[in-house]
Amino acid sequence: MTTLGTPNTTSQTKLMLLGSGELGKEVAIAAQRLGVEVIAVDRYDNAPAMQVAHRSYTIRMQDGQALREIIESEKPDHIVPEIEAISTDTLVQLETEGYSITPTARAAKLTMDREGIRKFVAEDLGIRTSEFAFADTKEEFTEACLRIGFPCVVKPIMSSSGKGQSTIRDEAGMELAWSIAQDGGRTGAGRVIVEGFVDFDYEITLLTLKHKGGTVFVDPIGHRQDDGDYQESWQPQPMTEQTLSEAQRMAKVVTDGLGGYGIFGVELFVKGDDVIFSELSPRPHDTGMVTMISQNLSQFALHTRAILGLPIPAIRQYGPAASHVILGKGDSDSPSFQNVDTALKEEDTDLRLFGKPVVKGERRLGVCLALGGTIQEAREKASRAANSVKVVL
Ligand code: AMP
């Protein structure tokens, strides 16, 4: 029997989001719909999920003491990390004290940087990945590139959305790639991963849901990335039965290895019949935003149900669907969006504007969603809608 309370009363069920971006905002909305009290935390004020939460805190989440203080004062029933840059050692400790971390503190710790999850998957679980090596210094980096061969891909171990990432075509490209990686990491200069370039036919996110009733898979999501940053995604990505079942097998091994309940975004490359593990988020995935139009239960609704221990009797997919990001480039502390009416004029389209208050450089500010008769039609519709929105900074 599951009991849920009423927000702002003594019966409350409290969910604390660590990270309050666009993905956290949708988890907050899904939780709000079930009368869960939502507390949003991030490093800056007025972050997207804070705008729909009951309360919010602005702290540096890598500061273990600051994190512990708000958790001890709020005593949430569920602590739900939305980003990697958190003091995961504090989460590990808090879990031993009885706090519930989604999906587990260990999963948050292993996926905090690219090294933990890559070694766990490739070395402990024996799952196929691209070739890889880690480097702290330029000398180690050069050696790693030469050993792995060209082309290869370099990424800071603490980075996301393609920041600091580049593909090196030949020896001459190493110098520039090293400096890009040193400028682009989340914590400034530091350790990088060098990966063999996978010349994949396509790449997918296999959303894998672990919940009280077992493990279920969402239909595979195909996506296109530019410089390591997601531009559009679609569902269902056509796959042979054999590749899909291999992808599901790998996703099950990895997510079982991490444990806990929640949704996992398992990123895989597919080349012919081969499936190669790329990386994983133990939480909703940006490319999974397409599920806000493609399914009866979005990845956010599924995550929330799994966290709360609720059943998931069926996930219904509505046919070809797509998402396309809206990016803003420049500097602003009050972005606005023109032609929103044009974006929504076609049938079966939808729009999310995240409400991010500050833009410095390039930032994802929204996403357009569409259903279509075919994947191509859905992609074109979502892209038309996204391109019709003019971001004014
Ligand atoms: P990541 O941040 O690791 O998910 O990388 C972002 C994107 O860069 C991926 O979705 C791929 O499109 C591309 N990418 C990353 N690693 C590789 C690789 N080893 N080979 C080919 N493409 C890659």
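Me: Is D227 buried or exposed?

Reply: This is a predicted model, so keep that in mind throughout. Exposed means over 50% relative accessible area. D227 has a relative accessible area of 68%, so D227 is exposed. D227 sits in the loop between β11 (221–226) and β12 (229–235).

Me: What is the phi of D227?

Reply: Phi of D227 is positive, about 50°, although D227 is not a glycine. N339 is another non-glycine residue with a positive phi, near 65°. N339 lies in the loop between β16 (336–338) and α11 (340–343).

Me: How does N339 count by accessibility?

Reply: Partly exposed covers the range between buried, under 20%, and exposed, over 50%. N339 has 38% relative accessibility, so N339 counts as partly exposed.

Me: And how does T104 count?

Reply: Use the cut-off for buried, under 20%. T104 is at 15% relative accessibility, and therefore counts as buried. T104 lies in the loop between α3 (88–96) and α4 (105–110).

Me: Which residues does T104 contact, leaving aside its neighbours within four places in sequence?

Reply: T104 is in contact with E95, L258, G259 and G260.

Me: Now the sheets. What holds paired strands together?

Reply: Strands of a sheet pair through backbone hydrogen bonds, either parallel or antiparallel. Take the parallel case here. An open sheet of four strands runs in the order β3-β2-β1-β4. Its edge strands are β3 (55–58) and β4 (78–81), and each pairs on one side only. The twist averages 20° from one strand to the next.

Me: How many bridges join β1 and β2?

Reply: Strand β1 (residues 14–18) and strand β2 (residues 37–42) pair in the parallel sense over five bridges. M16 stands opposite I39 in β2. Helix α1 packs on this sheet and touches β1 and β2. The direction of α1 makes about 175° with that of β1.

Me: What is the order of the antiparallel sheet?

Reply: That open sheet has four strands, ordered β5-β8-β6-β7. The edges are β5 (132–135) and β7 (166–168), each pairing on one side only. Neighbouring strands are turned by 25° against each other on average, direction ignored. β5 pairs with β8 (residues 192–196) over four bridges. There A133 stands opposite V194 in β8. Helix α5 (residues 114–124) lies across β5, β6 (152–156) and β8, at about 145° to β5.

Me: Last one. Which residues lie nearest the centre of the second largest pocket?

Reply: They are A30, R33, S298, F300 and A301, from a lining of 16 residues. The volume of this second largest pocket is about 310 Å³. α1 (22–33), α9 (291–294) and α10 (299–308) each supply at least two residues of the lining.

Conventions. Residues are numbered from 1 along each chain as its sequence is written. This is a predicted model: local features need pLDDT of at least 70, side-chain atom pairs count only at pLDDT 80 or more; totals for chains, interfaces and linings use all residues. Side-chain values use heavy atoms; hydrogens and water are left out. Two strands pair if DSSP finds at least two bridges between them. Axes are lines fitted to C-alpha atoms, for helices over the stretch in contact, and angles run from 0 to 180 degrees between N-to-C directions. Contact means heavy atoms within 4.5 Å. On a 1 Å grid over the protein atoms alone, a cavity is a set of points where a 1.4 Å probe fits but cannot get out, and a pocket is an open set with protein on both sides within 12 Å along at least five of seven lines; lining residues have an atom within 4 Å of a point. Grid points are joined across faces, edges and corners, and a volume is the space filled by probe spheres set on the points. Buried means under 20% relative accessible area, exposed over 50%, partly exposed in between (1.4 Å probe, protein chains only).
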